[in-house]
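Okay, thanks for coming, everyone.

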Amino acid sequence: MAAMSNGSALRPGLRDPVPDSQQVFRRVLAAMSEPGTVRDVAVDLAPPAPLDRATAALCLTLLDFETPVWLDAAADCEEVRAWLRFHCGCPLVEETDAARFAVMAAPAEMPALDAFPLGSEAYPDESATVILQVPSLEAGEAVTLRGPGIEDCREFRAAGIAGSFWTRRREMEALFPQGVDLVFASGASLAAVPRSTEVRF
Amino acid sequence: MAGSGTSAGPDAARPAEDGYNFAYLDEQTKRMIRRAILKAVAIPGYQVPFGSREMPLPFGWGTGGIQVTASIIGRDDTLKVIDQGADDTVNAVSIRKFFARTAGVATTERTEDATILQTRHRIPETRLAAGQILVYQVPIPEPLRWLEPREAETRKMHALEEYGVMHVRLYEDIARFGHIATSYDYPVRVNGRYLMRPSPIPKFDNPKMDRSPALQLFGAGREKRIYAIPPHTGVRSLDFDDHPFEVQKWEDVCALCGSGGSFLDEIVTDDRGGRMFVCSDTDYCGRRREAGHTGPAAPDPEGSGA
């Protein structure tokens, strides 16, 4: 009932959930199919701080009662919790290894990627999808992506991540098919780096 | 609505019928399938289990492909459905009508006009473009199933990349027939990792999967599996150094459009051994004839109505 007392502050979700979530899904599907490409979500949304529109749209499109969600310290506030519980009905978990999705509002201070479920050898799909909200998808240090979905190679410039992030991510390539899939969000834009992508810098 | 020109060309988008959620499936099911599709794209060729729903047609009629299409399709999409290359056979017509009715989307027979193409057992002859999505209906997703019936074992074989048994099977073809006799559902390796069953497409179509600019999604409804090939992903048909992979060839050309480079169906025309070969891809063949190409058995242009 504590959340209910804040009911008047609860922000709305997608205006027209059926077409809006379909549209957002197609953007994230295109982003996952062509790693490193930046797509814009065209939905009208006023999410609770600190979530950006793309981050919030991803949550409303992909999360429900089947997906335990882990929030980093920056995203973990009462308003975000209440908003996710109300619109997605997703369990919010404290342990990184219990999460199917993770939402990072401050990825520079995030825990190691391999703290999240990587799937098993037989079922690598039972792994986490990590949503990283960053200040920009164009102004960061460039890394080069290669792999499925990329014709030759593609440059990717996410800002606001720790210096060691791509080194750690690169170490995880040896674990394939186990691993985590990354979705970057910034403002209304999103991009993805699935586990199949080789990152070089 | 049902009777007016079922296969006579493209149908514009119109309001979906009341009483259904958009594209039939409920939103929670779509979310579950969408998450499975994303994992499938992230692990090319790997079969992701999903909670396949009961659909208003029996398993074996493309329920996997329909559930994938229903989860990705939007109001702005244009849908093409083919069954063995043809737009006007019963499976293709009924699936196209299903989505015209429950989603109100535009449909087409022209390969390049479609944003989503659902297929049963063929890849169109017209080269697919970036941004298009090809959805395959899959009866048996597990390439090792006839060699190892236990799911727990085939899972382990995929985990350990233990695919020797499939090479043995192809080698047995060579030992018995002198060549690899497998002509459809020909096993491939995706991105050098997972062994994948391309659904029963003829091996003629296998090279079209390799580095295709389109996204390819595979749905198996009865077996409850989804898998995917992202664009620009290497897909290699298994073979041997001394028996390289080859596709079928025909001595004839298409009797209607004269095409010598397309997959041909054999049609028996009488009970005295008469036969002709025609393109399996009806859109490709029809458009070639429109452009003036003719084959040896083409009806004269004035009288053609079929």
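This is a predicted model: local features need pLDDT of at least 70, side-chain atom pairs count only at pLDDT 80 or more; totals for chains, interfaces and linings use all residues.

So let's start where the two chains meet. Across the interface of chain B and chain A there are 19 residue pairs in polar contact, counting pairs where both residues have pLDDT of 80 or more.

Which parts of chain B do the touching? The elements giving two or more residues to that side are α1 (27-42), β1 (48-49), α2 (63-72) and α4 (151-159) of chain B. Of these, α1(B) has the largest share, with twelve residues. If you sort the residues on chain B's side by type, you get 20 nonpolar, seven polar and eleven charged.

Now the overall numbers. Chain B puts 38 residues into the contact and chain A puts in 39. Between them the two chains bury about 3100 Å², and 62% of that is on carbon and sulfur atoms. Three residues to look for on chain B are B:Arg35, B:Leu38 and B:Lys39: they supply 21% of the area that chain B buries against chain A, more than any other three residues.

The rule finds five salt bridges across the interface of chain B and chain A.

Okay, moving over to B:Glu161. You'll find B:Glu161 in the loop between α4 and α5 (164-177) of chain B. Is B:Glu161 partly exposed or buried? Partly exposed, at 38% relative accessibility. Setting aside neighbours within four places in sequence, B:Glu161 contacts B:Arg189, B:Gly192 and B:Arg193. With B:Arg189 there's a side-chain to side-chain polar contact of 2.9 Å. And B:Leu195, 34 residues away from B:Glu161 along the chain, has its C-alpha 8.1 Å from that of B:Glu161.

Last stop, cysteines. How many disulfides are there over all chains? The count comes to zero. Take A:Cys77: the nearest cysteine sulfur belongs to A:Cys59 and is 12 Å away. A:Cys77 is partly exposed, with a relative accessible area of 25%. Then there's B:Cys257, where the nearest cysteine sulfur, on B:Cys279, is 3.6 Å away. The cut-off for a disulfide is 2.5 Å, so B:Cys257 is in no disulfide. B:Cys257 is buried, at 1% relative accessible area.

That's it from me, happy to go back to any of these.

Methods:
Residues are numbered from 1 along each chain as its sequence is written. Chains are lettered from A and ligands numbered from 1 in the order in which they are written. Side-chain values use heavy atoms; hydrogens and water are left out. Buried means under 20% relative accessible area, exposed over 50%, partly exposed in between (1.4 Å probe, protein chains only). Contact means heavy atoms within 4.5 Å. Buried area is the accessible area (1.4 Å probe) that two parts lose on being put together, summed over both. A salt bridge is a side-chain nitrogen of Lys or Arg within 4 Å of a carboxyl oxygen of Asp or Glu. A polar contact is a pair of N or O atoms within 3.5 Å; within protein, one must be able to donate a hydrogen and the other to accept it, and residues adjacent in sequence count only if both atoms are side-chain atoms. Helices (H or I, at least four residues) and strands (E, at least two) are DSSP runs, numbered from the N terminus. Ala, Val, Leu, Ile, Met, Phe, Trp, Tyr, Cys and Pro count as nonpolar, Asp, Glu, Lys and Arg as charged, and the others, Gly among them, as polar.
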